[in-house]
4 protein chains.
Amino acid sequence: MHKVPVGVLGASGYAGRELCALVERHPGLELVFATAHGQRGQTLTVAGRDVTFIPTEEAPLNEARLVFSALPHGTSLEWVERAQAAGAKVVDLSSDLRPGSGGEPAVPYGLTELNREEVSGADLVSNPGCYPTAILLALAPLLSEGLIEPGSTVSVAAASGVTGAGYTPRPDLLFAEIIEDFRAYGVGNTHRHLAEMNAVLRDRGADVDLIFTPHLLPVARGILATIVVRLSREIDKPLELWSRAYADEPFVEVSATTPALRDVVRRNVVRISAVKAANTRAPVLIITSAIDNLTKGAAGQAVQNANLMLGMEEVAGLPA
Amino acid sequence: MHKVPVGVLGASGYAGRELCALVERHPGLELVFATAHGQRGQTLTVAGRDVTFIPTEEAPLNEARLVFSALPHGTSLEWVERAQAAGAKVVDLSSDLRPGSGGEPAVPYGLTELNREEVSGADLVSNPGCYPTAILLALAPLLSEGLIEPGSTVSVAAASGVTGAGYTPRPDLLFAEIIEDFRAYGVGNTHRHLAEMNAVLRDRGADVDLIFTPHLLPVARGILATIVVRLSREIDKPLELWSRAYADEPFVEVSATTPALRDVVRRNVVRISAVKAANTRAPVLIITSAIDNLTKGAAGQAVQNANLMLGMEEVAGLPA
Amino acid sequence: MHKVPVGVLGASGYAGRELCALVERHPGLELVFATAHGQRGQTLTVAGRDVTFIPTEEAPLNEARLVFSALPHGTSLEWVERAQAAGAKVVDLSSDLRPGSGGEPAVPYGLTELNREEVSGADLVSNPGCYPTAILLALAPLLSEGLIEPGSTVSVAAASGVTGAGYTPRPDLLFAEIIEDFRAYGVGNTHRHLAEMNAVLRDRGADVDLIFTPHLLPVARGILATIVVRLSREIDKPLELWSRAYADEPFVEVSATTPALRDVVRRNVVRISAVKAANTRAPVLIITSAIDNLTKGAAGQAVQNANLMLGMEEVAGLPA
Amino acid sequence: MHKVPVGVLGASGYAGRELCALVERHPGLELVFATAHGQRGQTLTVAGRDVTFIPTEEAPLNEARLVFSALPHGTSLEWVERAQAAGAKVVDLSSDLRPGSGGEPAVPYGLTELNREEVSGADLVSNPGCYPTAILLALAPLLSEGLIEPGSTVSVAAASGVTGAGYTPRPDLLFAEIIEDFRAYGVGNTHRHLAEMNAVLRDRGADVDLIFTPHLLPVARGILATIVVRLSREIDKPLELWSRAYADEPFVEVSATTPALRDVVRRNVVRISAVKAANTRAPVLIITSAIDNLTKGAAGQAVQNANLMLGMEEVAGLPA
C-alpha cells in the first residue's frame with residue numbers, strides 16, 4: 001500500500017517535533033517536508049531517520065495530501081489557506097480557527113471524541129488546545145446529562161509541563177528558573193484557552209461560569225486538570241457516567257483511581273476519574289483528567305483527526 | 001542574656017530537623033535535647049553544630065522551658081502531657097489537638113496572625129497544619145468582611161512539595177517515583193486537614209462547602225493553594241482587603257503578582273495575591289497563597305508561637 | 001507458534017519490573033509467574049496486563065522453561081540452583097555468579113557482545129552489572145588492539161540515575177534528598193562492580209589500574225561513564241576502532257557526538273563516543289559511554305541473553 | 001561607618017544577580033549601579049530592595065570605589081579599563097584577564113586562598129573561573145608537596161549545574177531539555193577553563209597532563225569535581241595534607257566524607273575530600289571537591305577578593 005504524503009509546517013517546536021516523530025512511525029503516512037523559521041536547516045533525528053527543516057516559504061505544498069500546521073498563532077491561517085489552495089487537506093494546530101477565536105469559522109473542531117462525524121468528512125480541522133482537550137472531555141458527559149447546577153461556578157485548576165510553553169527560548173523557561181518552583185499564571189480567567197472552552201460549553205448548552213487557572217509544573221510533559229462541579233442533583237455512581245459515555249473510545253481511559261501524569265505521558269489518551277465530595281451539603285463532583293500535552297493534547301490528536309480525514313483507522317500510528 | 005532551654009520531640013522528620021535548625025540559629029533559644037525513634041543515635045549537623053538524637057523515652061523534659069513536639073499524629077498527645085507535667089510549655093506540631101481533631105480541646109490554635117492574643121499567654125499551643133496555614137490566612141479577610149456568598153462552594157486546589165509527606169521512607173516517595181510526575185491525592189474531601197479547616201471556618205461564621213484537593217509536586221518544599229470563591233457582592237480592588245487586614249504583619253506578604261514557591265521557600269512567610277475573575281456573571285475571586293510547608297507551614301510558625309509564649313519578639317530567629 | 005514460558009524471581013524491584021514489562025511485550029515469551037518478598041500480593045500493570053506478585057517460595061519453577069532471577073545479591077544463588085533443578089534455564093541478574101564474585105564459577109558472563117558464543121549454548125548465564133556493561137563495552141576494542149599503556153591508570157567517572165540504587169525505600173533515596181543534589185559514592189575503589197570489571201579486564205590481558213568512581217544523579221534512569229585512557233601509541237581516527245569492532249552489533253551505537261542519557265533511555269543499547277585529548281604530551285583518549293541502567297544495564301541485556309539461550313533472534317522483543 | 005559604593009557591570013546574568021544580592025546584604029558595601037544590556041530597565045528584587053538595571057553605557061563609574069564586571073568574555077576588558085580610568089578598583093569576573101587567556105597580564109589572579117597577599121594590595125583582580133576554583137584548590141596541596149607523579153595524567157571529571165551556562169536563553173538550556181538528562185561537553189580538553197588551569201599548574205611547577213571533562217547536571221547550582229591523581233610516593237593519611245594546608249581558611253572545608261552539592265550550595269566555601277584508591281598497584285588518590293558555582297565559583301569569591309582589596313574583613317558579607 002502506498003503511504004499518504006504529508007507535510008508539517010512549523011516543525012521545530014515541541015508539537016511540530018512530536019508530529020514528525022508520529023508521522024515517521026505511522027504505517028500509513030510519509031513525511032514529505034517539515035518546515036521551520038528560526039531553525040531552518042537544522043536536522044531532527046526521529047525513528048532513526050533524519051528530518052531537515054526547510055524554510056516554510058519553500059514548502060512543496062502540492063506534494064502533500066495532508067498538511068499539519070503547527071505554526072504560531074496568528075501566522076497559521078495564511079498557510080492553512082495556501083495549503084488548501086494547493087489541494088491538501090489541513091489539520092491546523094494553532095488557535096487561529098478554534099471556537100472562540102473571533103471569526104465565525106465553520107471549521108470542524110477536532111476534539112475527536114465529541115465531533116467524530118464532522119471530522120471524518122472534513123478537508124480542514126482545527127485541532128483543540130491542550131487544556132481544552134483535558135477539560136472538555138472531562139466535562140462532556142456531565143453536559144450531555146444536564147447534571148451541572150445552572151448558574152454555578154465550575155472551577156478548574158490545571159497544571160502543565162513546560163513543553164506546553166513551547167520551544168522558544170525564554171529566560172523564564174530555563175532549567176534553573178523552573179526546577180523546584182511552581183506557580184499559577186493567567187490568573188483571573190485571562191488564558192487564551194478560556195474562550196475556546198467557553199465557546200464549546202455554550203454550544204453544548206452549559207449555563208456556567210468557568211474559572212480556569214493554569215499552573216506551570218517542573219516537569220517536561222503532561223497536563224492534569226482538577227475540576228470542581230456543583231451538580232443539579234445527587235448521582236449515585238458518578239464514574240459510570242464516564243464509563244458509559246466513553247465505552248467504545250480507544251483513547252479515553254476511565255479510572256477508579258486518580259490519574260497521574262505518568263499514566264498518560266507519551267500516550268494518545270485522556271485518563272479521567274470522578275469522585276463525589278464528602279463533607280458537603282450541596283452535591284459536588286471532583287473530576288481529575290490527565291493527558292500528555294504533546295500527544296493527546298496536540299500532535300497525537302492531530303494525527304487522530306488526520307486518520308479520520310484520510311479514511312484510515314482512527315488508531316493508526318498512535319501510542320495508546 | 002541567658003538563652004531559653006528548649007527540646008524537640010520527634011526531631012528526625014523534616015519538620016523536626018527544621019525545628020532543630022531554627023532553634024540552633026535562634027538568638028534566644030538553646031537546644032537541650034532532640035529525640036527520635038527509628039533514627040535514635042543518628043547525628044544531624046545544623047548551623048555547624050552536631051545534634052544527636054536520643055530516644056524519646058530518655059528526653060530530660062524537666063530541663064526544657066519549652067518543648068516542641070513533632071511526634072507522629074496519635075502519639076504526640078501523651079508526650080505533650082508528660083512535658084506539661086514536667087513544667088514545660090509546649091507547642092504541638094501534630095494534629096492531635098487541632099480544631100476538628102475530635103476531642104473538645106480548649107487549646108489555643110497557633111495560626112499566629114489570627115490568634116495572637118490567645119497564643120501570647122498560652123502554656124500549650126496546637127500548631128496548624130501546613131495546608132490550613134496557607135488556606136485559612138488567605139480566606140480570613142473575606143470571612144471578616146462577610147464577603148463569601150452564603151451556601152457557596154469554595155474550591156481549593158493545593159499542591160505541596162514532597163517533604164510534606166514526611167521523612168518516612170515509602171517506595172512511592174522515592175526520587176524515581178516522583179520526578180516528572182504530578183497527581184492529586186485525597187480526592188473527594190478526605191484529607192485530614194479538611195476537618196481542621198472546616199472547624200476554623202465554622203468558628204468564624206463561614207457558611208460554605210469547602211472542597212479541598214491536595215496534589216503532590218515534584219519539588220522538595222513549598223505549598224501553593226489556588227482558591228476560587230464566589231462573592232456575595234462585587235468589590236472593587238480586592239487586593240486592598242488583604243493589604244488592610246495584614247498591614248502590620250511581619251510574616252504576611254500581599255502581592256500584586258501571583259506568588260511562586262521560590263518567593264517563599266526557606267522563609268517564614270505566607271504570600272497572598274487575589275484577582276477578580278474576568279468573563280463571569282457572578283463575582284468570583286481567585287486567591288493564590290504560597291508558603292514553605294516546613295517553615296511557615298510547620299517549624300517556623302511553631303517558633304513564631306514559641307516566641308510569643310515566651311514573651312520574646314515574635315520575629316526572633318525567623319527568616320523573613 | 002507457542003510462546004516460551006518464563007518466570008521472574010524478585011520481580012518487585014526496578015530491574016524485575018522492567019523484566020516483566022519486556023517479557024509481556026516480547027513476541028516469543030510468556031510470563032508464567034513473577035515473585036516478590038515484601039510486595040507479595042501487589043499487582044503491577046504492564047502492557048495493559050496485570051501481574052500479581054506471588055511469594056518466591058510458591059514459584060512454580062517447573063512451569064518455566066527459563067527463569068530470570070532479579071533476587072537480591074546473596075540470596076539469588078540458592079534460587080538459581082532450585083530453578084535449574086526444576087529443569088529451567090536461568091539468567092541470574094544478581095552479582096552472585098559474576099566474575100570476581102569470589103567463587104570460581106564457570107558460568108558464562110552475559111556481556112552479550114563479548115561472549116555471544118558462550119551465551120548461545122548456555123543453560124545458565126550471569127548477567128553483568130550496569131556499570132560494567134557501560135564500561136567494559138567501551139574498553140573492549142582498546143583491549144583487543146593492545147592500545148592501553150601498560151601499567152597505566154584508567155580513570156572512570158560514572159554517574160547513574162537513582163533506579164540503580166533499587167526500589168528499596170531508604171531515606172537517602174527520597175525525592176527531597178536527591179533533587180538538586182549530586183555526589184560521588186564508593187569513592188576509593190570500593191564499589192562491588194570493581195571486582196567484576198577487574199576480573200574481566202585481567203581475563204582480556206589488561207595490565208592497568210582501574211579507578212572507578214560512581215556518582216548518584218538526580219535522574220530516574222541512565223548511566224554515563226567518562227573514561228580516560230593513556231594509549232601505548234598514537235592513533236589517528238580513534239572512533240573507527242569502535243566502528244569496526246561493533247560494525248554488526250544491533251545494540252551498540254558508535255557516535256561522533258558525545259552520548260547523552262536521553263539518547264539511550266528505555267532502549268537496549270550502549271552508545272559510545274571516543275575523542276583524543278588536545279593539549280597533552282602523552283596520547284590520551286576520552287571515551288564516553290551511555291546506557292539505560294535498567295535496559296541494556298539489566299533487564300534488556302537479560303532478555304538479549306535469554307533470546308540467545310532459547311535459540312531466538314537476539315533482537316526479539318527489545319527496544320533498539 | 002560609611003559603606004563603600006560599588007557598581008556591577010553586566011548584572012543581569014546569574015553571576016551578576018548573585019553579586020547584586022551579596023552586595024545588598026553586605027554590611028560594608030552599597031550598590032550604586034547595576035547595568036545590563038538586553039535586560040536594561042528590568043528590575044531585580046534582592047534583600048527586599050529593587051535594583052533596576054541601567055544600560056552599561058550609562059554607568060556612573062566615577063561614583064563607585066570598586067566595580068565588579070560580570071560582562072561577557074571579550075567585552076569586559078574595555079569596561080575594566082574605563083572603570084579604572086574613572087578611579088575605581090575592579091574585580092573582573094570574565095575570562096579576559098585570567099591566566100592562559102592569551103595576553104601577558106600582570107593581573108593578580110583572585111583564587112584568594114592561593115594569592116591572598118597579591119590580591120590584598122591590588123587595584124585590579126581577575127576572578128577565577130568556576131571549574132578552576134574547585135579543581136585548583138583541590139590540587140594545590142599536592143603541588144606544594146611535589147606529590148604528583150611527574151609526567152602523569154591527572155584526570156578530572158567535573159559536573160556543573162545549569163546556571164554555569166549563564167542566563168542567556170538557549171533552546172538547549174530549556175527545562176524540558178535538561179530534566180532527566182546528563183551529558184559531557186567540551187570532551188577532548190577543549191573547554192576554555194583548561195588553559196586557565198594549565199597556566200596556574202605550570203606556574204606552580206606541575207609536570208602533568210590535565211584531562212578535564214565537564215558535564216552538565218540537571219540541577220540549578222553547584223559543581224562537583226572528581227579528580228584522579230597518581231602519586232609520586234605513598235602517603236599515609238592523605239586528608240591531613242589538606243587539613244594542614246587549609247587549617248586557617250574560613251572558606252575551605254576539609255571533609256572525611258565525600259562532599260555533595262547540598263553541602264555547599266549558597267555558601268562561599270569549597271569542600272574537599274581525598275581518599276586513597278584501593279585495589280591498585282600505583283598509589284592513586286581520588287579527590288572530590290564541591291563548590292557553588294555562583295558563590296565560591298563566581299560572585300562570592302569576587303566579594304571575598306573585593307573585601308581584601310578594600311581592606312575589609314575577608315569574610316564580610318559572605319555566607320559560610
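Predicted model: local features only at pLDDT ≥ 70, side-chain atom pairs only at ≥ 80, totals over all residues.
Trainee: What makes the relation between chain C and chain D that of a two-fold axis?

Mentor: Superposing chain C on chain D takes a rotation of 180° with 0.0 Å of shift along its axis, and the RMSD is 0.0 Å. Residues are numbered from 1 along each chain as its sequence is written, while chains are lettered from A and ligands numbered from 1 in the order in which they are written.

Trainee: How many residues of chain C and chain D are in contact, and what counts as a contact?

Mentor: You get 43 residues of chain C against 43 residues of chain D, with a contact meaning C-beta atoms, placed from the backbone, within 7 Å. On the chain C side, elements with at least two residues each include β9 (153-160), α6 (192-203), β11 (209-216) and β15 (284-291). Helices (H or I, at least four residues) and strands (E, at least two) are DSSP runs, numbered from the N terminus. By class, that side of chain C has 22 nonpolar, 13 polar and eight charged residues. Here Ala, Val, Leu, Ile, Met, Phe, Trp, Tyr, Cys and Pro are nonpolar, Asp, Glu, Lys and Arg are charged, and the others, Gly among them, are polar.

Trainee: And how many residues do chain D and chain A put into their contact?

Mentor: Each gives 14 residues. The chain D side splits into twelve nonpolar, one polar and one charged.

Trainee: Which residues of α2(C) are called buried, and why are they said to share a side?

Mentor: In helix α2 (residues 76-85) of chain C, the buried ones are S76(C), W79(C), V80(C) and A83(C). They cover an arc of only 110° around the axis, so they sit on the same side of α2(C). The arc uses directions from the helix axis to the C-beta atoms. "Buried" means 20 or more other C-beta atoms within 10 Å of the residue's own, "exposed" 12 or fewer, and "partly exposed" in between, with C-beta atoms placed from the backbone. The face of α2(C) turned away carries the exposed E78(C), E81(C) and A85(C). The cover over the buried residues includes β1 (4-9), β6 (66-69), β7 (89-92) and β8 (124-126) of chain C. Just after α2(C), G87(C) has a positive phi of about 95°.

Trainee: Why does the radius of gyration of chain A agree with a compact globule?

Mentor: Because 320 residues would give a compact globule a radius of gyration near 20 Å, and chain A has 19 Å. The rule is 2.2 Å times the number of residues to the power 0.38, with the radius taken over C-alpha atoms. Buried residues make up 59% of chain A.

Trainee: Which domains does chain A have, and where do the bounds come from?

Mentor: Domain 1 is 4-127 + 297-309 and domain 2 is 130-293; the bounds come from an automatic or database domain assignment. In chain A, 15 residues of domain 1 are in contact with 23 residues of domain 2. Helix α9 (residues 295-309) gives the most to the domain 1 side, with five residues.

Technical notes: Contact = placed C-beta atoms within 7 Å. Least-squares fit on C-alpha atoms with pLDDT ≥ 70 in both.
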